[in-house]
Amino acid sequence: MSARAMWKAEVALGKLKVPVKLYAAVQERAVHFRLLDEQTHAPVRQQLIDAEGEPLAEGTAVKGLQVDEGLYVVVTPEELAALAPEESRTIEIERCVAPSEVAEVWYDRPYWLGPDGDDEGYFALVWALAEEGRIGIAHWTMRKQRYHGALRVNGSHLMLVRMRHAEDVAPATELAAPTGRAADAREIALAEQLVTALMGPFEPSELEGTYHDRVRELVEAKAAGKVVRLKTAKAKRATKAASLAGVLEKSLEAISSEGRGARSRSATTKKAG
């Protein structure tokens, strides 16, 4: 693995201790703009001001939490530091569960775990989790923060997925119950046909962040002195909803037409070749 490790630890499964390195599994590609003066294009900075609009001297702002109308409790950095969890280098597996027991809403951010000197122990842990079809529910402390996560097998490597805290997840029971009639047999059959027609392999290359790419292309073009003329996309006007069966039938027809068009283009390409 050529990526740079963020952190080192050991995975503890009972008496088994496996040293690992933690790597970022996702990378942010967001475009970050700077605020500039409209006339000079010089960067500007933000400044803290008080309720009267007067600027605060550097280092005089403190942290406070509102507990009532107009009432704040001030907390010092020393008090916050005393509450921080004890530093640790152990990813402790508490229990192993079936993947189906953990809904997707609990998962937050993934990390790769790579071996750190004990390849045999690492791949023994990979094999054990894969063989039993389980994920490990774990906790660890990293950079003064305590986390919970799921240790999963992805291919031949371990993936540690940070999980959300219980108070951060809104249960589906808070949603209003569905109303209206249930779908009839014909509508269900059409929906099943639609799902079948759309079945295919997962293609990660299709998950493109086109907006960020277009912003970068715009900036590069303007930096090169090019005149850019943009076309604003117009939102499609919503049409009156037809019957469910009618919508499903039209969807199937559209997918069928796309399939015929793709086969026709493929055949033309082969003839040309």
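Predicted model: local features only at pLDDT ≥ 70, side-chain atom pairs only at ≥ 80, totals over all residues.

Reader: Which residues have the most contacts inside the largest nonpolar core?

Author: In soluble globular proteins, nonpolar side chains tend to be buried together. Here the largest nonpolar core has 21 residues, and those with the most contacts inside it are Val-11, Ile-91, Leu-113, Leu-151 and Leu-158. Two or more residues each are given to this core by β1 (7-13), β2 (16-24), β5 (90-97), β6 (107-115), α2 (119-132), β7 (135-142), β8 (145-154) and β9 (157-163). The largest share, four residues, comes from α2.

Reader: What does Ile-91 touch, not counting residues up to four places away in sequence?

Author: On that count, Ile-91 touches Trp-7, Ala-9, Glu-10, Val-11, Ala-12, Val-20, Leu-113, Ala-138, His-139, Trp-140 and Leu-160. There is also a second, separate core of nine residues, which includes Val-97, Val-102, Ile-137 and Met-163.

Reader: In which sense do strands β3 and β4 pair, and over how many bridges?

Author: Strand β3 (residues 63-68) and strand β4 (residues 71-75) pair in the antiparallel sense, with five bridges. Gln-66 stands opposite Tyr-72 in β4. The hairpin of these strands has two residues between them, and Gly-70 takes a positive phi near 75°.

Reader: Is Arg-162 buried or exposed?

Author: Arg-162, which lies in strand β9, counts as buried because its relative accessibility is 18%, and buried means under 20%. The side chains of Arg-162 and Tyr-111 are joined by a polar contact of 3.2 Å. Beyond its neighbours within four places in sequence, Arg-162 is in contact with several residues, among them Trp-106, Asp-108, Trp-140, Tyr-147 and His-148.

Reader: How many aromatic pairs does the structure hold, and how is such a pair described?

Author: A pair of aromatic rings is described by the distance of the centres and the angle of the planes. The structure holds two aromatic pairs. One of them, formed by Tyr-122 and Phe-123, is edge-to-face, with 5.0 Å centre to centre and 85° between the planes.

Technical notes: Residues numbered from 1 in each chain as written. Heavy atoms only, no water. Core = buried A, V, L, I, M, F, W, Y, C linked by side-chain atoms within 4.5 Å. Buried < 20%, exposed > 50% of the residue type's maximum accessible area, 1.4 Å probe, protein only. Contact = heavy atoms within 4.5 Å. Pairing = 2+ DSSP bridges. Polar contact = N/O pair within 3.5 Å; in protein donor to acceptor, adjacent residues only side chain to side chain. Phe/Tyr/Trp six-rings, centres within 6.5 Å; stacked < 30°, edge-to-face > 60°.
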